[in-house]
Amino acid sequence: MFAYTFPKQPMFNEMYSADVSVKIKSAYRARFNQGKFMGVSAPYGYVKDPADHNHLLIDDKVAHVVREIFDLALAGNGISKIRKHLNGQHILRPAAYAVERGETGYERYFDDNEDNRYIWSENSVRSILRSPIYAGNLAGYKRIAANMKSKKRPSTLPEEWEVIPNTHEGIVTQEEFDTVQQMMTSRRRQENAGGFENIFAGIIKCADCGYAMRAMSAHRRKRPDVIDCVQYSCNNYGRYGNVECTAHTIEARDLFNTVLADINRFADMAVSNERAVKAIERKLTETDRSRARTLERERKKLNKRLTELDRLFSALYEDKVMERITERNFDMMSEKYQKEQLEVETRLKEVSETLNDSYEKSQGVRDFLSLIRSYQGIKELDAAVVNALIDKILVSERETLADGTVQQEIRIYYKFIGFVGELHITPTRRWTALPEKHCAVCGIDFTPKSAVAKYCPVCSKKVQREKSNESKRRSRERRRRVCIELSAKHDLLISNSEKGVFCARATSLRASRSLSM
């Protein structure tokens, strides 16, 4: 009987291909971990180093464009605005610049229309702002194939990319890059239909539910400054009502003034009050330093215990080999030591991470004070200043104190140092003071409560009373005329009715006379 045997050659070919794939991937991984750039062409803003094609150098011809893109983003501009700005400057888009450098594969995009060379897309702007390359870091494994047979390479999120830091010179600093990432992920809307620039977008949060707070109209009459017509309210409350949260309303003017005053307070302190600076350092790091000493002692004990466990394992294994203990006792003791070793290693990792955080916080205080010195005497806030200095702002609900005054708590979390101390403000009234006007009746100066007010409070009551009386007179006259018209219609109906009865009687009489004849 003939037995068919399947050929083994295809299987061997596939095994060989898989083995080659693994080796090539391993080689690429090793070179990537060494910080070597392996792309076919350098990204926009860079060129390959002639002495080492795996190293990037800044391209001076277009580096200023990348710098400008990041500066515009730091100033609070969105991707669409940045794109429009670049198109207005008539700057070559990245693909067109690649063609100018002699690279192939891009010319087909410009065959139909030469103007396309200067039209940037939002994706081009977004990819530049998202790429860690421009902060001096090598980014890779953005799109990973499932296996050697698959042609699909699904994209991964930016936070899932693998990054090797400090592989080349950055066009922007790491701090600037991180700030732009935070601004891009906060789903910002800088300006509403009324022209209000929301410089706190993505920064201000509800202290109770953690939701973002949205800028909204305060339903007032027109004010001279748009900021006086805007207030912030909890987005969770706006969507679901008081079932989920409360309003946490704060006037945009109050928030602006409070943040500006606090920044100036820290800036003045960092420049001229060394004693206050040391007090802040002690306040922020004293607890951490005390805890760090305790954790450092604990870390030494844990390391010592790990060394003892290694020695015990060695002795236990030697006892087993020399048959001083039974297999059962060896397994029991080995399991016990392994369990303890795992617990010690876990705790040691937690202690080390906590100590590193403590040391970073101490350094963060110095970094923050060094940063905020440059903002001394600042009189205006914009999105660039807010995002450079502040991580988030938490706003609490208003509360009424025992003396009847209303108070609201604000917590500002600064870069590097976090929360320092809460701020308490007295919220302004629902209306804001306007410039004085001349009363249209008596001519005296008065402070109006709305932009359309024409009369002082005394004359306003008189005018309202006169208007009310006039309205009543017109109403009475209107009712009198209606009554007269209705009366006239009624009389006409009665007259017509009587005439009809008379005609009917006459007709009846004539009919009776004709019958009698």
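Arg67 and Glu176 form a salt bridge, with their closest N and O atoms 3.1 Å apart; the term denotes a side-chain nitrogen of Lys or Arg within 4 Å of a carboxyl oxygen of Asp or Glu. The pair links distant parts of the chain, since Arg67 lies in helix H2 (residues 63-74) and Glu176 in helix H6, 109 residues apart. The model is predicted: local features need pLDDT of at least 70, side-chain atom pairs count only at pLDDT 80 or more, and totals for chains, interfaces and linings use all residues. Residues are numbered from 1 along each chain as its sequence is written, and side-chain values use heavy atoms, with hydrogens and water left out.

**Salt bridges**

- Side chains of opposite charge can pair when their charged atoms come close.
- The whole structure contains 15 salt bridges.
- Arg67 is partly exposed at 23% relative accessible area, and Glu176 is partly exposed at 22% (buried means under 20% relative accessible area, exposed over 50%, partly exposed in between, with a 1.4 Å probe and protein chains only).
- Arg265 pairs with Asp262, the closest N and O atoms being 2.7 Å apart.
- Both Arg265 and Asp262 belong to helix H8 (residues 252-272), where three residues, about one turn of the helix, separate them.
- Arg265 is partly exposed at 39% relative accessibility, whereas Asp262 is buried at 5%.
- A salt bridge also joins Lys415 and Asp391, at 3.4 Å from N to O.
- Lys415 sits in the loop between strand S11 (406-414) and strand S12 (418-419), while Asp391 is in strand S9 (residues 390-395), 24 residues apart.
- Lys415 is buried at 12% relative accessible area, but Asp391 is partly exposed at 30%.
- Shared partners connect Arg67, Asp71 and Glu176 into one network of salt bridges.

**Packing of two helices**

- Helix H5 (residues 122-130) packs against helix H6 (residues 174-184) at an angle of about 130 degrees, with the axes 9 Å apart.
- H5 and H6 are therefore oblique to each other (angles under 35 degrees count as roughly parallel, over 145 as roughly antiparallel, 65 to 115 as roughly perpendicular and the rest as oblique).
- Arg126, Leu129 and Arg130 of H5 make the contact with Phe177, Val180, Gln181 and Met184 of H6 (contact means heavy atoms within 4.5 Å).

**The chain as a whole**

- The chain has twelve helices and 15 strands, which are DSSP runs numbered from the N terminus (helices: H or I, at least four residues; strands: E, at least two).
- Of its 517 residues, 33% count as buried.

Conventions: Axes are lines fitted to C-alpha atoms, for helices over the stretch in contact, and angles run from 0 to 180 degrees between N-to-C directions.
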